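Please have the structure in view as I speak.

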Amino acid sequence: MREIPVARPLVGEEEVEAVARVMRSGMLAQGSVVTEFESRFADYCGAAHAVGVNSGTAALHTALLAAGVGPGDSVVVPAFTFFATASAVSICGATPLFADVDPETFNIDPESVKDLIRPDTRAVIGVHLFGQPFDIGAVREVCEDREIVLIEDAAQAHGAEYHGRRAGSLADIGCFSFYPTKNMTTGEGGMVTTDDDALAEKIRLLINHGQSRKYLHTVIGYNYRMTNIAAAIGLVQFGRLEEFNKRRIHNARYLDHHLAGTGLATPCVAPGVRHVYHQYVVKVPGDYVLSRDAFMSALADRGIGTAVHYPIPVNRQPVYENTHASCPVSDDLAASVVSLPVHPAVTDEDLAYIRDTVRGLP
Ligand SMILES: Cc1ncc(COP(=O)(O)O)c(C=O)c1O
């Protein structure tokens, strides 16, 4: 039987060799390999600056701090996302306000953002969920009038585009993750992008113990530095990103076409965006032949990995229960979505097998 995991990093001999070169050089921590990775990543995104960090969560945390977010402030985030989008706000001592999402694109709903804005709202984080840019234009309009900082959580969207511009250059600050399941990886890692010189400088200070020069600490900072080892993996992966994304898009289009008519709702792509399918997420409607659990276990029995991203909206997590936010679309999605494999290691034979298996259900 075939075994098709729902996610799988593609790393090979080139990454091994790049890491070995760094190990032999003896320059293991932050250094010239990080600088090269940052500069190539900034160019690719179309941003003036890119700062390498050691996780996507560190990217979000420092982006918020650089934007001046702290105790007494609130930040609007979507309820339907990975936990770190909101926890980064709480780590700053600020309060996340949970916006609901669009039922078709699963991305933050600009109307919900508008309804939530309060006098103490300092930032909005929109997430390019599953690789599809959110409606930046509409959310930016809400932010601009009120001098609110707009942050893109692009953890799942390396190479995604919104009206011809790449993720990482769409808002005031962009935050990426290089966790192994992402569109490209460094093991653990992240990147912050911005056009703003002052923000970039603050972020560089914050990720390095607040040192403005060696042993001179002007703010309380963190050790969020990226290592040369991670950057070496990142540079090789970055060289393969377009090939990876094209394969994800190819796989997604195949499933769009061949799952039509099965009763599953395939992903909806907004006009003018390039969706890079970090995940390929279908909805299992109430009138489908199987319940979501039965659908997932039928596929598991036949070697096809699936996952639920995400089973609990962030506002419903035990730590956020006291916020009493109401996000009914997020609740519906949490109860009905399933991710199917489209990562670049999924072959044409795998796709045909997924097609035949799903079409043959129950
Ligand atoms: C939307 C989103 N935001 C933030 C993160 C946090 O990234 P990391 O796991 O690299 O800290 C992730 C990654 O899991 C994510 O998917």
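First, the conventions. This is a predicted model, in which local features need pLDDT of at least 70 and side-chain atom pairs count only at pLDDT 80 or more, while totals for chains, interfaces and linings use all residues. Residues are numbered from 1 along each chain as its sequence is written, and side-chain values use heavy atoms, with hydrogens and water left out.

Let me begin with the fold. The protein chain has 11 helices and 14 strands; these are DSSP runs numbered from the N terminus, with helices being H or I of at least four residues and strands E of at least two. Its radius of gyration is 20 Å, close to the 21 Å that the globule rule gives for 362 residues, so the chain is as compact as a globular protein of that length. That radius is taken over C-alpha atoms, and the rule is 2.2 Å times the number of residues to the power 0.38. Along the principal axes, the C-alpha atoms fill a box of roughly 65 × 55 × 35 Å.

Of the 362 residues, 56% are buried. Here buried means under 20% relative accessible area, exposed means over 50%, and partly exposed lies in between, with a 1.4 Å probe and protein chains only. Among contacts with a separation of 6 or more, 71% are between residues 24 or more positions apart, where contact means heavy atoms within 4.5 Å.

Next, the domains. The assignment gives domain 1 (13–235) and domain 2 (242–359), with bounds that come from an automatic or database domain assignment. The centres of domain 1 and domain 2, over C-alpha atoms, are separated by 25 Å. Across the boundary, 36 residues of domain 1 are in contact with 35 residues of domain 2.

I turn now to the spaces. On a 1 Å grid over the protein atoms alone, a cavity is a set of points where a 1.4 Å probe fits but cannot get out; a pocket is an open set with protein on both sides within 12 Å along at least five of seven lines; and lining residues have an atom within 4 Å of a point. Grid points are joined across faces, edges and corners, and a volume is the space filled by probe spheres set on the points.

How many cavities of 30 Å³ or more does the search of the whole structure find? It finds 2. The largest cavity has a volume of about 120 Å³. Its lining consists of 19 residues, with R8, T181, K182, R248 and H343 nearest the centre. Helix α8 (residues 228–259) gives the most to this lining, with 3 residues. By class, the lining of the largest cavity holds 10 nonpolar, 6 polar and 3 charged residues. For these classes, Ala, Val, Leu, Ile, Met, Phe, Trp, Tyr, Cys and Pro count as nonpolar, Asp, Glu, Lys and Arg as charged, and the others, Gly among them, as polar.

The second largest cavity contains about 70 Å³ of space. Residues that line it include E104, F106, F130, P267 and H275. Its lining draws at least three residues from each of domain 1 and domain 2.

Of its 15 lining residues, T105, P133, F134, D135 and A270 are the closest to the centre. Both domain 1 and domain 2 supply at least three residues of this lining.

Finally, the two glycines. G159 lies in the loop between β5 (149–153) and β6 (161–162). Is G159 buried or exposed? At 2% relative accessibility, G159 counts as buried. Leaving aside residues up to four places away in sequence, G159 touches Y44, R166, L241, N245, R274 and V276.

G360 is found in the segment after α11 (348–359). At 52% relative accessibility, G360 counts as exposed.
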